Structures are given as C-alpha cells and as structure tokens.
Amino acid sequence: MATELIHEETNVSHVLFGIGGSAKTWSKRRHYSELWWKNGITRGFVWLDEKPAANVTWPDMSPPYKVSEDTSRFKYTSAYGSRSAIRIARIVKESFQLGLENVRWFVMGDDDTVFFVENLVMVLGKYDHNEMYYIGGNSESVEQDVIHSYTMAYGGGGFAISYSLAAELVRVLDGCIDRYASFYGSDQKIGGCMSEIGVPVTKELGFHQVDIRGDPYGLLAAHPVAPLVSLHHLDYVQPVFPGLTRTDSLKKLIQAYKMDPGRTLQHTFCYNPSSKWSLSVSWGYTAQLYPSLITAKDLATAFQTFFTWRSWSEGPFAFNTRLMSDDPCKRPAIYFLDRVHGIGSSQTVTTYERFWAGTGDECGSGLPVRYVNVTAAELEPHTWVKAPQRQCCEIVNGASSSDAANDDIVQVRIRSCHRWESVTPP
C-alpha cells in the first residue's frame with residue numbers, strides 16, 4: 001500500500017475515521033457525529049472504553065463502534081495526563097491494524113468534532129498519501145499552544161495521518177506513549193512521537209479546535225481563506241446562530257454547506273462608492289453592512305466576541321482580533337443566514353436577515369436595509385488546489401439610501417476577482 005501510485009483522485013472511500021468516545025457518554029455526544037456521518041459512505045469507527053450495556057441498542061445513525069484494547073500496561077502520570085488519553089492515542093494504531101483495504105488517510109477526531117467531509121477530502125487530495133504527512137491545526141488560544149505545543153495537531157479539531165506515516169507511527173507508538181507519560185492529551189503523545197519520526201505538522205487553516213469561550217461569531221465571520229474542515233468544542237461556546245439550539249444551529253449551517261461545500265464561511269467584502277457603504281459576507285452564515293468605508297485590513301480581522309479557552313481572558317489569540325468600535329459610523333448592521341436555494345445547477349442565492357441594527361441616526365439613515373441577498377456561482381473544488389485568494393464581490397443595487405426601492409434589500413454578487421483587481425476603498 002505504501003508504494004501504491006495515485007491512479008485516482010482521493011475520495012471519501014480512502015479515508016478511515018477514528019473517533020474517540022466513551023460508552024457512558026456516547027448518548028449525550030452522538031448528535032455531533034450523526035450530523036456528518038453517512039452510513040454506507042463514510043468509513044471508520046467510534047472507539048469506546050468498554051462495550052455498551054446489554055440493554056443499550058446502538059443507534060442506527062451513529063458510526064459503528066469498536067472497543068479499545070486494554071492499556072493498563074502503559075505508564076501513567078496522574079498529575080498531568082489521563083488514562084483515556086493513552087487509549088485514544090492508540091486509536092490510529094488499532095485502526096491501522098484492522099488491515100482495511102484502500103485506506104489512504106487515517107483521520108482522528110473526538111466525539112464532539114463535526115467534520116465537513118467533502119472539504120476534508122478536498123484538502124487531503126492536495127497531498128500524496130504515499131509520502132509521510134501529518135495534517136491538522138493548532139489551538140486558537142495562545143495559552144493552550146504555549147502549554148501543549150505549537151508543533152502538534154490538536155486532536156479535537158481533528159488531524160489526518162497518511163498511510164505511509166501511519167505505518168511508521170504504529171511501529172514506535174507504544175514506546176512513545178510510555179516516554180511521554182507526563183503529556184496531558186492523546187494529541188500531545190502523538191505529537192511527541194511525530195518529533196521522533198521527524199515529521200512536522202502540515203497546518204491547514206480549516207481545522208478548528210475552537211479553544212475559545214463565549215460567542216464564536218467573530219471567529220466564524222472572518223474565516224481564513226481555506227475550506228472549512230472541522231469544528232470542535234461546540235458545547236462550550238454559544239450556538240452558532242442566535243435563537244437556535246446548538247444542534248439546530250449546526251443543521252442550519254450544514255444546510256448551506258450542502259449547497260456549496262467549498263464556499264461555506266468563505267469571507268468576501270466590497271464597497272458601494274455612492275452610498276459609502278462597506279459590505280462583508282461570510283457565505284452561508286452572516287453579512288455585515290457598514291455605513292462608512294472600512295479598510296480591507298479591518299474587514300478581514302475578526303471581531304473579538306470570545307475569550308481564551310483556559311483563563312477566559314481577552315487574549316492573546318493565534319490570530320488578530322478587533323473590538324467593536326464605539327463610533328456608530330464604524331459599527332456594522334449584522335445579518336444572519338435566513339435561507340439558501342439554488343439557481344439552476346451552478347448558482348446559489350443566500351439571504352441574510354438583519355439581526356442587529358448596529359448604527360443610529362448619527363450616520364444618516366442608519367442603514368434601513370432588512371435583507372442582504374447574495375448570488376454566487378458554486379465554487380469549483382479545484383479552486384483550493386490553486387494558490388488561495390479571497391473572492392471579490394459587488395453591490396448591484398442599493399446605490400443610494402434615499403432610493404426607496406433599495407431600502408429593504410441589498411443585492412450582492414460574489415465572483416472571482418478580475419486581473420489586477422484589489423479591494424481598495426474608493
């Protein structure tokens with residue numbers, strides 16, 4: 001397998017998922033996996049600490065389960081780590097030892113990790129599984145990266161190990177687990193082992209550990225130019241959409257995702273010179289309409305609507321943030337996804353309804369717009385194989401706030417940027 005040449009593009013059948021779970025808590029956490037798992041399409045297992053009770057029927061919509069091997073022989077430092085971290089670190093080895101055919105990638109995640117499978121496959125397809133790749137992301141909170149490591153892929157956000165690397169990893173993993181007995185998490189133990197093998201983590205910006213507290217809005221509304229691959233820790237932040245439960249919020253986001261996976265949460269912004277408006281769109285999630293011209297640098301920077309994971313502090317984070325301005329002319333009206341539908345076979349229209357007015361009479365009309373309609377061509381999957389570039393947009397109506405016909409809806413079109421085009425305020 002390790003010397004197999006790539007004769008076809010990587011697809012979902014080449015991915016084997018290993019999900020860390022517990023027999024006692026699965027019933028409370030399974031709704032996350034069931035959002036993305038597709039029986040007969042996705043492959044993998046939930047690895048449990050023990051067999052479910054005899055009176056428990058395993059849910060039809062859950063991934064199948066396997067019971068992890070006994071790990072009592074391994075060293076364990078109770079002051080730092082946990083016995084479960086040893087078991088979960090070994091999921092990649094036990095998955096490899098199943099000897100299943102046609103596996104190119106082993107993808108690890110937690111029972112509260114939500115994967116966006118088509119995008120995950122798209123990302124993995126950029127890499128040769130015959131080479132040794134370890135792919136994932138860091139924590140959003142610097143305090144976590146300092147404590148645990150910048151050089152490992154964080155397990156809750158999910159990470160992928162190529163077949164060739166897995167073959168090397170399983171040879172030395174058990175020894176690594178004992179050598180790094182003081183490490184807190186399973187992902188740390190895997191990271192330590194990768195240091196011994198000499199394979200660095202290849203960072204992909206779409207893996208999200210979500211090591212934050214509070215409202216994830218700012219993080220999601222300024223997503224990096226990368227396909228959305230995973231979300232984690234969703235029990236520890238507010239629902240993605242206000243007024244909905246966590247599960248219903250995710251279902252709403254996934255509804256948009258299914259229409260155009262590669263575009264989901266992709267950020268774009270543009271200006272209306274006549275009205276001096278700035279518009280920001282995070283596709284499938286939110287829009288922001290400003291009554292003034294805001295620089296591209298500010299529009300690309302996340303609002304700090306959240307706190308750090310460990311200390312609930314206002315930073316630092318592994319990316320730049322900005323506070324909501326006290327100046328009403330620099331505060332946006334905020335809109336959330338209302339509905340999405342297709343036009344023909346290659347275009348979508350997403351409608352965002354105003355949730356928060358944001359501005360007042362100090363800025364003239366105070367942005368009376370109730371809806372933002374966004375038309376976009378479906379994003380070609382091969383877009384992400386090319387050098388990344390944020391797409392451009394243009395406001396195609398709403399040129400004047402005094403035009404009554406444009407007061408209720410702003411029409412926007414997202415498109416590829418023209419050659420030599422930049423998002424520069426008029």
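# Reading salt bridges, a helix and a sheet

Q: Is lysine 24 buried or exposed, and how is that read?

A: Lysine 24 is exposed, because its relative accessible area is 60% and the cut-off for exposed is over 50%. The model is predicted, and this value is computed from it.

Q: Which residue does the side chain of lysine 24 meet in a salt bridge?

A: Side chains of opposite charge can pair when their charged atoms come close. Here the partner of lysine 24 is glutamate 50, at 2.7 Å from N to O. The two residues are 26 apart and belong to distant parts of the chain: lysine 24 sits in the loop between strand S1 (15-20) and helix H1 (26-36), glutamate 50 in the loop between strand S2 (43-48) and strand S3 (65-67). Glutamate 50 is partly exposed, at a relative accessible area of 33%.

Q: How many salt bridges does the structure hold, and which residues are linked in a network?

A: There are 19 salt bridges. A network of them links Glu69, Arg73, Arg90, Lys93, Glu94 and Asp174. Within it, glutamate 69 pairs with arginine 90, their closest N and O atoms being 3.2 Å apart. This pair joins the loop between S3 and H2, which holds glutamate 69, to the loop between H2 and H3, which holds arginine 90, across 21 residues. Glutamate 69 is partly exposed at 38% relative accessibility, whereas arginine 90 is buried at 2%.

Q: Which parts of the chain does the pair of lysine 93 and aspartate 174 tie together?

A: Lysine 93 and aspartate 174 form a salt bridge whose closest N and O atoms are 2.8 Å apart. Lysine 93 belongs to helix H3 and aspartate 174 to helix H6, so the pair ties together parts 81 residues apart in sequence. Both residues are buried.

Q: How is the length of helix H7 checked, and what span should its residues have?

A: At 1.5 Å a residue, the 12 residues of H7 (residues 186-197) should span 16 Å; the end C-alpha atoms lie 17 Å apart, which agrees. Just after H7, glycine 198 has a positive phi of about 95 degrees.

Q: How many residues of H7 are buried, and what covers them?

A: In H7, 9 of the 12 residues are buried, among them Ile190, Cys193 and Met194. The covering elements include helix H2 (83-89), helix H3 (91-96), helix H5 (142-148) and helix H6 (163-179), together with strands S6 (134-136) and S7 (159-162).

Q: What is the strand order of the open sheet of 8 strands, and which strands stand at the edges?

A: Strands of a sheet pair through backbone hydrogen bonds, either parallel or antiparallel. In this sheet the order is S11-S12-S13-S17-S18-S19-S21-S20, with mixed pairing. S11 (267-272) and S20 (392-395) stand at the edges; each has a single partner strand, so one side of each lacks a neighbour in the sheet. The twist from one strand to the next averages 25 degrees.

Q: How do S17 and S18 pair, and what lies across them?

A: S17 (333-343) and S18 (347-356) are antiparallel, with 9 bridges; arginine 339 stands opposite threonine 351 in S18. Their hairpin has 3 residues between the strands, and glycine 344 there takes a positive phi near 65 degrees. Helix H9 (residues 246-259) lies across both strands, at about 45 degrees to S17. S18 also runs antiparallel to S19 (residues 371-377), joined by 7 bridges, and tyrosine 352 has valine 372 in S19 as its bridge partner.

Methods
Residues numbered from 1 in each chain as written. Predicted model: local features only at pLDDT ≥ 70, side-chain atom pairs only at ≥ 80, totals over all residues. Heavy atoms only, no water. Pairing = 2+ DSSP bridges. Helix = DSSP H or I, 4+ residues; strand = E, 2+ residues; numbered from the N terminus. Axes fitted to C-alpha atoms, helices over the stretch in contact; angles between N-to-C directions. Contact = heavy atoms within 4.5 Å. Expected span 1.5 Å × (residues − 1). Buried < 20%, exposed > 50% of the residue type's maximum accessible area, 1.4 Å probe, protein only. Salt bridge = Lys/Arg side-chain N within 4 Å of Asp/Glu carboxyl O.
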